[in-house]
Amino acid sequence: MKKLKLTKLELGMAICEDKEKKLYGIQINELPDGIKLGQHIIIDDEGNISVEK
């Protein structure tokens, strides 16, 4: 499981970072609907993405 913070959106990609400030690019269409900048996402061991509540 990985927890990432959505930091910016550019060129159809969501740029996220983990607690060590490592950056990840995720296609926007793979993110849950309604996610906003600054929110945290959880990626489980099967690759499912959800918004942290």
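**Salt bridges and surroundings of selected residues**

In this predicted model, K3 and E52 form a salt bridge in which the closest N and O atoms are 3.1 Å apart; a salt bridge is a side-chain nitrogen of Lys or Arg within 4 Å of a carboxyl oxygen of Asp or Glu. K3 lies in strand β1 and E52 in the segment after β5 (49–51), so the pair ties together parts that are 49 residues apart in sequence. Strands are DSSP runs (E, at least two residues), numbered from the N terminus. K3 is partly exposed, with a relative accessible area of 40%, and E52 is also partly exposed, at 35%. Buried means under 20% relative accessible area, exposed over 50%, and partly exposed in between (1.4 Å probe, protein chains only).

Residues are numbered from 1 along each chain as its sequence is written. Local features need pLDDT of at least 70 and side-chain atom pairs count only at pLDDT 80 or more, while totals for chains, interfaces and linings use all residues; side-chain values use heavy atoms, with hydrogens and water left out.

The structure holds three salt bridges. One of them joins K8 to E10, with the closest N and O atoms 3.4 Å apart. K8 is partly exposed, with a relative accessible area of 42%, and E10 is partly exposed at 38%. Another salt bridge is formed by K21 and E17, whose closest N and O atoms are 3.2 Å apart. Here K21 is exposed, with a relative accessible area of 58%, whereas E17 is buried, with a value of 18%.

E17 is placed in strand β2. The side chains of E17 and K21 make a polar contact at 3.2 Å; a polar contact is a pair of N or O atoms within 3.5 Å, where within protein one must be able to donate a hydrogen and the other to accept it, and residues adjacent in sequence count only if both atoms are side-chain atoms. Neighbours within four places in sequence left aside, E17 is in contact (heavy atoms within 4.5 Å) with K3, L4, K5, T7, K22 and L23.

D18 lies in the loop between β2 and β3. D18 is buried yet has no salt bridge, and the nearest side chain of opposite charge, that of K2, is 4.3 Å away. For charge, Lys and Arg count as positive and Asp and Glu as negative, with His and the chain ends not counted. The side chain of D18 reaches two backbone nitrogens: that of E20 at 3.0 Å and that of K22 at 2.9 Å. When residues up to four places away in sequence are not counted, D18 touches K2, K3, L4 and Y24.

E20 is placed in the loop between β2 (13–17) and β3 (23–27). E20 is exposed, with a relative accessible area of 55%. The C-alpha atoms of E20 and K8 are separated by 17 Å, the two residues being 12 residues apart along the chain.

A nonpolar surface patch of about 270 Å² is made by L9, I28 and L37. Patches are made of residues with over 30% relative accessible area and no salt bridge, like charges being joined within 9 Å and nonpolar side chains (Val, Leu, Ile, Met, Phe, Trp, Tyr) within 5 Å. Accessible areas come from the Shrake-Rupley method with a 1.4 Å probe, and for residues only the protein chains shown count as cover. L9 is placed in strand β1 (residues 2–10) and is partly exposed, with a relative accessible area of 48%.

Terms used: Helix = DSSP H or I, 4+ residues; strand = E, 2+ residues; numbered from the N terminus.
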